[in-house]
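Subject: Structure for you to look at, with notes

Dear colleague,

I am handing over the structure below, and my notes on what was found in it follow directly after. Please read them with the model open beside you.

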Amino acid sequence: ARFMQLCNMFGIPLLFLCDTPGFMVGLDSEREGMVRHCSRLFVVGANLTVPTMTIILRKSYGLGAQAMAGGSHKVPMFVVSWPTGELGGMGLEGAVKLGFKKELESIEDLELRQEAFDKLVAAAYKRGTSLNAASSFEIDDVIDPKDCRFLIVRALQSADKTQPLRNFIDTY
């Protein structure tokens, strides 16, 4: 977050290369105050005035992915993904475990339960591909990795350079 503030202070655009499985969830994470610490990325991201860009390289899950996009996938100049990108509200295995907990627990045979779980996870991965995300306008495009440099240069050339700079870095 401090790095983002420094870039903002001196008018340096930010490029986020996103490969995050998200923030850890659970009791241990809650006791450690992980969300409180990580939320600082959202607060700083929401106050950026410099252009931001996000390229999803592989995983883009949950709040961690949003933090890697300056707080939202709708704010950056662009959010694109390589064909290898996976997107979801949280890690897909965890989402299936939470979302289908009752259904899976109702299957008494452990082998059949695992088979059902594997099918649900496979379906989640199919829905979470970057191509599916782009087709529903969750992200802007799926690009060939070799096109990254061209896209970044074009975005920087077209960036609004009139935004006021914020000369503030918190003491957190």
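A residue is called buried when its relative accessible area is under 20%, exposed when that area is over 50%, and partly exposed in between. On that scale Leu6, at 35% relative accessibility, counts as partly exposed, and this residue belongs to helix H1, which covers residues 2–9. Please keep in mind throughout that this is a predicted model. Together with Phe10 and Ile12, Leu6 makes a nonpolar surface patch of about 290 Å².

Strands S1 and S2

Strand S1, residues 14–20, has two faces: Leu14, Phe16, Cys18 and Thr20 form the covered one, while Leu15, Leu17 and Asp19 form the uncovered one. S1 pairs with S2 in the parallel sense, over six bridges, and within this pair of strands Phe16 stands opposite Thr54 of S2.

Ser60 is a residue of strand S2, which runs over residues 52–61, and with a relative accessibility of 2% Ser60 counts as buried. Leaving aside neighbours within four places in sequence, Ser60 is in contact with Cys18 and Thr20, and also with Ala65, His73, Glu86, Leu87 and Gly88; of these, Cys18 and Thr20 belong to the covered face of S1.

Helix H3

Helix H3 comprises 13 residues, 34–46, and its first and last C-alpha atoms are 19 Å apart, close to the 18 Å expected at 1.5 Å a residue. The buried residues of H3 are found at Cys38, Arg40, Phe42, Val44 and Gly45, and the buried residues of this helix pack against H1 and against helix H4, residues 62–67.

Salt bridges

How many salt bridges does a search of the whole structure find? The search returns four, and I describe some of them here.

In the pair formed by Lys59 and Glu86, the closest N and O atoms are 3.2 Å apart. This pair links distant parts of the chain, with Lys59 in strand S2 and Glu86 in strand S4, residues 86–88, the two being 27 residues apart. Both Lys59 and Glu86 are buried, and Glu86 is also one of the residues in contact with Ser60.

Arg31 forms a salt bridge with Asp28, where the closest N and O atoms lie 2.8 Å from each other. Because they are three residues apart in helix H2, residues 27–32, Arg31 and Asp28 are separated by about one helical turn. Arg31 is exposed, at a relative accessible area of 63%, and Asp28 likewise counts as exposed, at 53% relative accessibility.

Lys119 forms a salt bridge with Glu115, for which the closest N and O atoms are 4.0 Å apart. Both residues lie in helix H7, residues 110–127, where Lys119 and Glu115 are four residues apart, about one turn of the helix. An α-helix has 3.6 residues a turn, so residues three or four places apart point the same way. Lys119 is exposed, with a relative accessible area of 57%, whereas Glu115, at 44% relative accessibility, counts as partly exposed.

Technical notes:
Residues are numbered from 1 along each chain as its sequence is written. This is a predicted model: local features need pLDDT of at least 70, side-chain atom pairs count only at pLDDT 80 or more; totals for chains, interfaces and linings use all residues. Side-chain values use heavy atoms; hydrogens and water are left out. Buried means under 20% relative accessible area, exposed over 50%, partly exposed in between (1.4 Å probe, protein chains only). Contact means heavy atoms within 4.5 Å. A salt bridge is a side-chain nitrogen of Lys or Arg within 4 Å of a carboxyl oxygen of Asp or Glu. Patches are made of residues with over 30% relative accessible area and no salt bridge: like charges are joined within 9 Å, nonpolar side chains (Val, Leu, Ile, Met, Phe, Trp, Tyr) within 5 Å. Accessible areas come from the Shrake-Rupley method with a 1.4 Å probe; for residues, only the protein chains shown count as cover. The expected span of a helix is 1.5 Å times one less than its number of residues. Two strands pair if DSSP finds at least two bridges between them.
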